[in-house]
Amino acid sequence: MLEEIILTAAGFAAGLLSGTVGFGGGMILLPAMTSFYGIEVAVPMSTVSQLLSNIFRSCAGFRSIRWRKVGFFLILALPLTVLGAYGFVTVPKVLMTRILCVLLIVFALLEMTDRFRLPGSRWTMLIGGGISGGINGLLSLSGPISSAVFLTLGLSPVAYIASEAAAATVMHIVQLAAYGGFNLLSARIMTEGACLGLAMVAGNWIAMKYIKTIKRKIYRRIVALVMTACSIWLFLSV
């Protein structure tokens with residue numbers, strides 16, 4: 001019973017965070033799930049939960065989605081998601097998670113000091129999509145990278161979150177299909193992942209009611225700060 005309460009609370013908190021800054025759900029869920037199930041179960045289960053969350057966020061801001069940008073982002077993201085899913089079966093997962101956390105912390109600190117900004121170009125969308133896809137398939141933690149890429153478009157908070165969520169939805173569908181092909185899914189993973197996904201959706205719904213009034217410059221700083229905090233938390237938890 002205590003396990004269900006803790007994971008549901010984590011799912012709700014993950015939904016609040018991802019609904020506000022566009023990512024972070026997986027970085028909260030993965031440590032919580034790993035502590036109970038181990039990372040081999042936690043990654044596919046987290047993917048199921050995040051799929052429901054991303055479907056909700058993309059539907060909530062459907063009219064604001066920049067579909068051409070999403071499509072360009074997915075050109076490399078989808079095949080590299082499949083490749084990353086294969087890597088999940090073969091590579092040291094804890095080591096890869098910690099390396100990713102360190103890179104995200106460095107990127108976030110550069111973002112907060114205005115010393116580094118990704119250029120807003122098609123190459124950024126294309127290459128960023130490929131990197132996001134590989135990390136997504138490997139660890140289901142593509143959110144910080146894809147969010148940084150979509151931030152370069154200068155969108156309003158709602159358009160940014162909905163567009164990133166639409167791209168993530170497609171990636172998660174492909175990712176789950178690959179996990180199924182590698183026999184990494186079970187009825188328990190799907191069921192419990194879906195239940196936690198509903199907790200995330202509840203958090204998303206609350207968060208997206210209040211993001212429309214946030215100024216873009218302040219919003220970028222908030223995203224970078226959250227990225228740093230979540231990366232440190234995940235690094236210490238896995």
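Helices (H or I, at least four residues) and strands (E, at least two) are DSSP runs, numbered from the N terminus. The model is predicted: local features need pLDDT of at least 70, side-chain atom pairs count only at pLDDT 80 or more, and totals for chains, interfaces and linings use all residues. Residues are numbered from 1 along each chain as its sequence is written, and side-chain values use heavy atoms, with hydrogens and water left out.

**Figure 1. Overall fold of the protein, with 10 helices and zero strands.** From the N terminus on, the order of elements is α-α-α-α-α-α-α-α-α-α. Buried residues (under 20% relative accessible area; exposed is over 50%, partly exposed in between; 1.4 Å probe, protein chains only) account for 53% of the 238 residues. Contact denotes heavy atoms within 4.5 Å. Of the contacts between residues at least 6 apart in sequence, 86% join residues at least 24 apart. Accessible areas come from the Shrake-Rupley method with a 1.4 Å probe, and for residues only the protein chains shown count as cover. The accessible surface of the protein is about 10600 Å², and 71% of this area belongs to carbon and sulfur atoms.

**Figure 2. The largest nonpolar core, around Met33, Leu141 and Tyr179.** A nonpolar core is a set of buried Ala, Val, Leu, Ile, Met, Phe, Trp, Tyr and Cys residues joined through side-chain atoms within 4.5 Å. The largest such core holds 36 residues, and Met33, Leu141 and Tyr179 touch the most other members. Helix H2 (residues 25-37) gives the most to this core, namely seven residues. Apart from this core lies another, of 18 residues, which includes Val70, Phe73, Ala77 and Ala166. In soluble globular proteins, nonpolar side chains tend to be buried together.

**Figure 3. Surroundings of Met33.** When neighbours within four places in sequence are left aside, Met33 is in contact with Leu7, Gly38, Ala42, Met45, Ser46, Ser49 and Leu196.

**Figure 4. The salt bridge between Glu164 and Arg57.** A salt bridge is a side-chain nitrogen of Lys or Arg within 4 Å of a carboxyl oxygen of Asp or Glu. By this rule the count is two salt bridges. In the pair shown, the N to O distance is 3.9 Å. Glu164 belongs to helix H8 and Arg57 to helix H3 (residues 39-60); the partners are 107 residues apart, and the pair thus links distant parts of the chain. Glu164 counts as buried because its relative accessibility is 2%, and Arg57 counts as buried because its value is 4%.

Figure 5. Arg188 forms a salt bridge with Glu192, with the closest N and O atoms 3.2 Å apart. Because Arg188 and Glu192 are four residues apart in helix H9, about one helical turn separates them. Arg188 is partly exposed at 47% relative accessibility, as is Glu192 at 26%. Ser186 and Val41 are 145 residues apart in sequence, with a C-alpha to C-alpha distance of 9.4 Å.

**Figure 6. A nonpolar patch on the surface.** Patches consist of residues with over 30% relative accessible area and no salt bridge; like charges are joined within 9 Å, nonpolar side chains (Val, Leu, Ile, Met, Phe, Trp, Tyr) within 5 Å. Val102, Val106, Ile232, Phe235 and Leu236 form the patch, with about 430 Å² of accessible area together. Helix H5 (93-112) and helix H10 (216-237) each supply at least two of its residues, and H10 gives the most, with three. Val102 is located in helix H5 and is partly exposed at 41% relative accessibility.
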